[in-house]
Amino acid sequence: MIRSNRREAGRRRLAMRLPQMRTLIMDAREPWQLELFEAYQMAVEARDRLRRRRFNLKLVREYDETCVEIEQHVIGAMHEPSPTQYLMIP
């Protein structure tokens, strides 16, 4: 899956997982927000691959925890102002 597809898949997945944040997630355009969406999608894909193989349940739990941590980070990040808002143009 190419990078932009992962970002959008992660965005949609997070919007479903975090309905209270759906509008903010769908409107997000900052590069750092898009990176979070991509990271989330990559973690979910890895977790799901491991889950299907039933190879290492401990690793599946670790990826589950990673997904939850990213979800929590997204919740916090959606309320943070854009870093570019702090730039002052003389």
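Which residue forms a salt bridge with Arg7? Glu38 does, and the closest N and O atoms are 3.3 Å apart. A salt bridge here is a side-chain nitrogen of Lys or Arg within 4 Å of a carboxyl oxygen of Asp or Glu.

A quick note on the source. This is a predicted model, where local features need pLDDT of at least 70 and side-chain atom pairs count only at pLDDT 80 or more, while totals for chains, interfaces and linings use all residues. Residues are numbered from 1 along each chain as its sequence is written, and side-chain values use heavy atoms, without hydrogens and water.

Back to the pair. Arg7 sits in helix α1 (residues 3-17) and Glu38 in helix α3, so the bridge ties together parts 31 residues apart in sequence. Helices here are DSSP runs (H or I, at least four residues), numbered from the N terminus. Arg7 counts as buried at 18% relative accessibility. Glu38 is buried too, at 9%. Buried means under 20% relative accessible area, exposed over 50%, partly exposed in between (1.4 Å probe, protein chains only).

The count comes to nine salt bridges. Next, Arg51. Its side chain meets Asp48 at 3.9 Å, N to O. Asp64 is partly exposed at 25%. Shared partners join Arg47, Asp48, Arg51 and Asp64 into one salt-bridge network. Arg51 is partly exposed, at 40% relative accessibility.

How values were computed. Helix = DSSP H or I, 4+ residues; strand = E, 2+ residues; numbered from the N terminus.
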